Amino acid sequence: MFGLSELALILIVIVVLLGAKKLPELARSAGKAARILKSETKALKKEGDGDGGPIPGAGSASGAGSAAGSEAAASGRRVVTGTIVERNDPPARS
């Protein structure tokens with residue numbers, strides 16, 4: 001996409017436009033945003049690890065049974081049941 005010379009030119013333009021006074025502030029805010037993103041990612045991973053595994057009924061072709069549905073309702077998850085449709089099949093008319 002961009003070569004090294006194009007990126008260097010863009011960097012020079014940014015330095016000229018923003019000036020030397022704004023660069024430390026810009027770097028500080030970028031670092032703060034990166035720290036926030038990293039902490040949020042860790043929190044989401046930690047939240048995902050603590051719930052005990054995959055969603056009940058997910059990945060099964062037969063759908064969720066009543067036991068899996070009650071487990072999902074108790075844990076606050078929503079199980080969606082439906083029909084698997086092949087891509088080349090015409091849509092069903094009702």
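What share of the 94 residues of the chain count as buried?

## Burial and surface

In this predicted model, 3% of the 94 residues count as buried. The chain exposes about 8600 Å². Carbon and sulfur atoms supply 61% of that area.

The secondary structure is 2 helices and 0 strands. Helix α1 covers residues 4-49. A straight helix of 46 residues would span 68 Å, at 1.5 Å a residue. Between its end C-alpha atoms, α1 spans only 40 Å.

Where does α1 bend? The bend is at Gly19 and comes to about 100°.

## A nonpolar patch

One surface patch is nonpolar, with an area of about 1000 Å². Met1 and Phe2 belong to this patch. So do Leu7, Leu9, Ile10, Val13, Ile14, Leu17, Leu18 and Leu26. An α-helix has 3.6 residues a turn, so residues three or four places apart point the same way.

Take Leu9, one of the patch residues. Leu9 sits in helix α1. Is Leu9 buried or exposed? Its relative accessible area is 53%, and the cut-off for exposed is over 50%, so Leu9 counts as exposed.

How values were computed: Residues are numbered from 1 along each chain as its sequence is written. This is a predicted model: local features need pLDDT of at least 70, side-chain atom pairs count only at pLDDT 80 or more; totals for chains, interfaces and linings use all residues. Side-chain values use heavy atoms; hydrogens and water are left out. Helices (H or I, at least four residues) and strands (E, at least two) are DSSP runs, numbered from the N terminus. Buried means under 20% relative accessible area, exposed over 50%, partly exposed in between (1.4 Å probe, protein chains only). Accessible areas come from the Shrake-Rupley method with a 1.4 Å probe; for residues, only the protein chains shown count as cover. The expected span of a helix is 1.5 Å times one less than its number of residues. The bend at a residue is the angle between axes fitted to the seven residues ending there and the seven starting there. Patches are made of residues with over 30% relative accessible area and no salt bridge: like charges are joined within 9 Å, nonpolar side chains (Val, Leu, Ile, Met, Phe, Trp, Tyr) within 5 Å. A salt bridge is a side-chain nitrogen of Lys or Arg within 4 Å of a carboxyl oxygen of Asp or Glu.
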